[in-house]
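Open the structure in your viewer and keep the selection tool at hand. This tour tells you what to select next and what is there.

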Amino acid sequence: MRLNSIPKLAVALVVGLLISGVAKAADTPATLAGTKLVSAADVAKVQSSGAVVIDSRVAAEYAEGHIKGAINVPYREKSAKVVNFDAGQDEFNLAKLPPDKAAAIVIYCNGAECWKSFKASTVAIKGGYTNIHWYREGFPDWKSKGLPAE
């Protein structure tokens, strides 16, 4: 291999990785310690039993559509999309969650590739909340099932 072809090969490799999607952010983990991973049916059940449902997406996404009865508490993220993210770089207003830290709370966003609900759930757990239901599949899943939205 000639030395002058190495830069071209490196560029081709990087472009290939970007096109293939390998370089994109990973989906959220399949589980989150301290939470209950829930399905759409589970969300409907706990909501009918009084759970507070939190939409952690930005206000514009919430306005476009959300789970009926959900409250918008946006998770404003600047941290990396990794499990050990630095919550100090982000904003999430725990004061908007119920004062009862044992209350059932569902937190969701835009599905497995959206880190806002993962991060909001993590921050809530670290803030002392003990009954967090993480709806990892989020609003796209809810909507695809024809469940009540507004």
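Begin with Lys 119. Its relative accessibility is 0%, so Lys 119 counts as buried. Keep in mind as you go that this is a predicted model.

**Stop 1: a salt-bridge network**

Glu 77 and Lys 119 form a salt bridge, with the closest N and O atoms 2.8 Å apart. Glu 77 sits in the loop between β3 and β4, while Lys 119 belongs to helix α4, so this pair ties together parts that are 42 residues apart in sequence.

Lys 81 is partly exposed, at a relative accessible area of 36%. Show the three side chains together: Glu 77, Lys 81 and Lys 119 are linked in a network of salt bridges.

**Stop 2**

Switch to a cartoon view. In what order do the strands of the open sheet run? Five strands form the sheet, and the order is β1-β5-β4-β2-β3. Their pairing is parallel. Select 35-37 for β1 and 71-72 for β3 to see the edge strands, each of which pairs on one side only. In general, strands of a sheet pair through backbone hydrogen bonds, either parallel or antiparallel.

Strands β1 and β5 pair in the parallel sense over three bridges. Select Leu 37: its bridge partner in β5 is Trp 134.

Move on to β4 and β5. These two pair in the parallel sense over four bridges. Select Tyr 108 and you will find it opposite Tyr 135 in β5. Trace the chain from β4 through α4 to β5: this β-α-β crossover is right-handed.

Next, select residues 52-55 and 105-108. These are β2 and β4, which run parallel and are joined by four bridges. Ile 54 stands opposite Ile 107 in β4.

**Stop 3: strand β5 and two helices**

Select 132-135, which is strand β5. Which way do its side chains point? Ile 132 and Trp 134 point one way, His 133 and Tyr 135 the other. All four named residues are buried.

**Stop 4: Asp 55**

Select Asp 55, in strand β2. Is Asp 55 buried or exposed? Its relative accessibility is 0%, so Asp 55 counts as buried.

Look for its partners. The side chains of Asp 55 and Arg 57 meet in a salt bridge, 2.8 Å from N to O. Arg 57, at 4% relative accessibility, also counts as buried. The side chain of Asp 55 makes a polar contact with the side chain of Tyr 108 as well, at 2.8 Å.

Now show the surroundings. Leaving out residues up to four places away in sequence, Asp 55 touches a set of residues that includes Tyr 62, Gly 65, His 66, Ile 71 and Asn 72.

Zoom out to finish. The structure holds five salt bridges; among them are Asp 55 with Arg 57 and Glu 77 with Lys 119.

Notes: Residues numbered from 1 in each chain as written. Predicted model: local features only at pLDDT ≥ 70, side-chain atom pairs only at ≥ 80, totals over all residues. Heavy atoms only, no water. Pairing = 2+ DSSP bridges. Contact = heavy atoms within 4.5 Å. Axes fitted to C-alpha atoms, helices over the stretch in contact; angles between N-to-C directions. Buried < 20%, exposed > 50% of the residue type's maximum accessible area, 1.4 Å probe, protein only. Right-handed = clockwise from strand over helix to strand, strands pointing away. Salt bridge = Lys/Arg side-chain N within 4 Å of Asp/Glu carboxyl O. Polar contact = N/O pair within 3.5 Å; in protein donor to acceptor, adjacent residues only side chain to side chain.
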